[in-house]
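Please look over the sequence and the 3D structure shown here. A short report follows them.

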Amino acid sequence: MKMDVCIVGAGPAGLMAAIAAAELGARVAVIERNTTAGRKLLRTGRGRCNFTHDGTVEEVLKGCGRYSRFLKHSFYEFSPQAAREFLRERGVEEKVEEDGSVFPASDRATDIAEVLIGECRKLGVVFVYGKRVESVVRADEGFAVKAATEEVTCRSLIIATGGVSWPQLGSTGDGLELARSLGHRVRPPVACLVPLVTMEKWVGDLAGVGAGNVKITARVSREKIRTEGLMLFTQDGIGGPAVLDMSWRLADMLAEGSTIDIAVDLLPGMEDPQVDAALQDACLRQPRKDVRSLLMMWWPRAFCSALCRLADIDEDVTGAELPRGKRRKLVHLAKTLPLTVVGARPIEEGTVTRGGVVTEEIDPKTMGSKMCEGLFFAGEVIDVDGPCGGYNLQIAWSTGHLAGRSAAGRAAGKE
């Protein structure tokens, strides 16, 4: 099969690249090892699909931290607002949540996937499903892409295979190996946006129990790192949006084997004296009620029991019997619950992968390879990532759109 542009991977970046290239008149083929497109996309945001983040280009770029310089051109070429307009024009209504996350109003990731796949079909994009790309070789002025019994020749090639997280959905690192075979350096992938493992074993007794909205603080090299959001306990540590964002900040250090102390503010909306006054008032109003039950005005029963044990308080002690020193210890735990992070859950469980094709070898103004003419990259296969809140899908849209247009331009002889 002879095409202008061949894209490896039918995830969000690959689909957007296909649309952008086909809009410029390129003949586009997408090779996907799964039997359907967008499988990982359907799982994002727990099936709700947090497809971008609210804010100006500069504000969203700032959220991407150290990757903002590389991403800047692609974000201006296809901005968060452009992504929202693209979907809105195709019938997807949206809603913006308090933290700036943007979701489809229906809370259905399928709405996003259907738009992308439908647009590809409308533009004549050819899909090759259920085929794993086995090799890519230079041929004439382009490439020969071998996928089982299929061979696609093309002038421009886009690798958009994702990283290595959630391998059951098709992200198995194939694109990283293809990049290496074409002369690129690859930064080894590490877990990112993933639950954290703690030294404390008591958390395992609370697996599945939520702690509500919290603020987490870590001290690293004299710097305070803070994240805020929901937290829940897991079999060997902590998870939830606040924890995933913290893992994004600590990913490199944890991959090196560092142990990091964190403090969890369980009641970020209250100062210490307010928490103490509220607990003291509860003890006075309900003196015969046990302390664990009094604490349930804030947290689930199982977690309240754990806090009592950490404060060395018998669960049956009543509000009238609670000593002042023990009450203050509870307050201290509520505002600075100490935990020691000793690692992250396996990379396969990460929402995204940190690592990938090094950005120094990619032109940020085209997403084109500096090592291999006609080769382009998009999405998570590149060594860029962002925190929770729609940043990573915006990276996929922006880099995919730029790679698609650049690849189509190159195929048409308009570099």
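## Model and overall make-up

This is a predicted model, in which local features need pLDDT of at least 70, side-chain atom pairs count only at pLDDT 80 or more, and totals for chains, interfaces and linings use all residues. Residues are numbered from 1 along each chain as its sequence is written, and side-chain values use heavy atoms, with hydrogens and water left out.

The protein has 12 helices and 20 strands. Both are DSSP runs numbered from the N terminus: helices are H or I with at least four residues, strands are E with at least two. Along the principal axes, the C-alpha atoms fill a box of roughly 85 × 45 × 35 Å. Of the 415 residues, 57% are buried. Buried means under 20% relative accessible area, exposed means over 50%, and partly exposed lies in between (1.4 Å probe, protein chains only).

Contact means heavy atoms within 4.5 Å. Take the contacts between residues at least 6 apart in sequence: 71% of them join residues at least 24 apart.

Strands of a sheet pair through backbone hydrogen bonds, either parallel or antiparallel. Here, two strands count as paired if DSSP finds at least two bridges between them.

Strands β15 (residues 260-265) and β16 (residues 337-344) are antiparallel and share 5 bridges. Valine 264 faces leucine 337 of β16. Alanine 263 has proline 338 as its bridge partner in β16. β16 also pairs with β11, antiparallel, over 3 bridges. There, valine 197 stands opposite glycine 343.

## A three-stranded sheet

An open sheet of 3 strands has the order β3-β5-β4, with antiparallel pairing. β3 (52-53) and β4 (94-96) are the edge strands, each with a single partner, so one side of each has no neighbour in the sheet. The antiparallel strands β3 and β5 (residues 101-104) are joined by 2 bridges. Across this pairing, histidine 53 stands opposite serine 101 in β5.

## Nonpolar cores

What counts as a nonpolar core? It is a set of buried Ala, Val, Leu, Ile, Met, Phe, Trp, Tyr and Cys residues joined through side-chain atoms within 4.5 Å. The largest core has 88 residues, and Val28, Val145, Leu157, Ile158 and Trp397 touch the most other members. Helix α12 gives the largest share of this core, 10 residues. A second, separate core of 48 residues includes Val220, Met246, Ile313 and Leu333.

Histidine 401 is buried, with a relative accessible area of 11%. Leaving aside neighbours within four places in sequence, histidine 401 is in contact with Met16, Ala20 and Phe78.

## Aromatic rings

How many aromatic pairs does a search of the whole structure find? It finds 5. Rings of Phe, Tyr and Trp (its six-membered ring) pair if their centres lie within 6.5 Å; planes under 30 degrees apart count as stacked, over 60 as edge-to-face and the rest as tilted. Phenylalanine 127 and tyrosine 129 have ring centres 5.3 Å apart and planes at 5 degrees, so this pair is stacked. Phenylalanine 127 is buried, at 16% relative accessible area. Tyrosine 129 is partly exposed, at 27%.

Tryptophan 202 and phenylalanine 233 form a tilted pair, with 5.8 Å from centre to centre and 55 degrees between the planes. Tryptophan 202 is in the loop between β11 (196-198) and β12 (210-220), while phenylalanine 233 is in strand β13 (residues 223-233), 31 residues apart. Both residues are buried. Trp202 and Phe233 also belong to one aromatic cluster with Trp298, Trp299 and Phe303.

## A charge over a ring

The charged end of arginine 48 sits over the ring of phenylalanine 103, 3.8 Å from its centre. For this, NZ of Lys or CZ of Arg must be within 6 Å of the ring centre and within 35 degrees of the ring normal.
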